[in-house]
Amino acid sequence: MWEDFEQLFEERGGPKSCWCMVWRAYAGIDDLSDKAARKTGMRDRIKKGEKVGLIAFLNAQAVGWCSVGSRETFKRSLDGAAPLDAGQTWSLTCLFVKREYRGNGLSVRLIETAIEYARSQGAAKLDAYPVDPESPSYRFCGFKPQFDRQEFATVGKVGSRRYLVRRTL
């Protein structure tokens, strides 16, 4: 999985600045601007078999990514330090689809697959943190209308741009 993940993130437009570590709880990375440390941190998690997300493939090529995992694997500040509930809540924090595959419903399919995956792992709720489509930032968090169509309910806002939306599984 690491090789596919690395290739997808290293391509033009990929989220290689964060390596999907910005929202994750981790030790040993003191400098958040250190891209190499974030990449190493994610590589180590994947190689250890930690559940960090889902990769979408088309003709054996990685074309999309969805970061989804148990809420306690993410930072407390992700949703304003909501109380944790021992694996019952999972979080979907990132969606990425290669530019040439956008507009074909792949993000929605990734959300649907994340719902099923979290449910299969024993989650009772799935939280996500999307923004409005015209938002100038946090666009990798997904867009709120995508989650509205998947029956996520708005719980509140985190900061000025991100919504906290939840789907009961």
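The largest pocket of this protein holds about 650 Å³ of space, where a pocket is found on a 1 Å grid over the protein atoms alone, as an open set of points where a 1.4 Å probe fits, with protein on both sides within 12 Å along at least five of seven lines. Its volume is the space filled by probe spheres set on the points, and the points are joined across faces, edges and corners. Rolling a probe the size of a water molecule over the atoms shows where empty space is left. This is a predicted model, in which local features need pLDDT of at least 70 and side-chain atom pairs count only at pLDDT 80 or more, while totals for chains, interfaces and linings use all residues. Residues are numbered from 1 along each chain as its sequence is written, and side-chain values use heavy atoms, with hydrogens and water left out.

The lining of the largest pocket consists of 30 residues, and L95, R139, F140, C141 and G142 are those that lie nearest its centre; a lining residue has an atom within 4 Å of a point. Two elements, β3 and α3, each give two or more residues to this lining, and β3 gives the most, with five residues. Sorted by class, the lining has 18 nonpolar, nine polar and three charged residues, where Ala, Val, Leu, Ile, Met, Phe, Trp, Tyr, Cys and Pro count as nonpolar, Asp, Glu, Lys and Arg as charged, and the others, Gly among them, as polar.

The buried residues of α3 are L106, S107, V108, L110, I111, A114, I115 and A118, where buried means under 20% relative accessible area, exposed over 50%, and partly exposed in between, with a 1.4 Å probe and protein chains only. Among the elements that cover these buried residues are the strands β1 (53–58), β2 (61–70) and β3 (89–97), together with α4 (144–149). After α3 comes G122, whose phi is positive, near 95°.

Most residues other than glycine have a negative phi.

Some residues can be followed across the chain. G159, in the loop between β5 (153–158) and β6, is exposed, with a relative accessible area of 63%, and its C-alpha atom is separated by 8.9 Å from that of D79, although the two residues are 80 apart along the chain. K125 lies in strand β4 and is partly exposed at 24% relative accessibility; its C-alpha atom and that of R166, 41 residues apart along the chain, are separated by 6.7 Å.

As for confidence, the protein averages a pLDDT of 89, and 91% of the residues score at least 70, on the predictor's scale from 0 to 100 for each residue.

Methods. Helices (H or I, at least four residues) and strands (E, at least two) are DSSP runs, numbered from the N terminus. Contact means heavy atoms within 4.5 Å.
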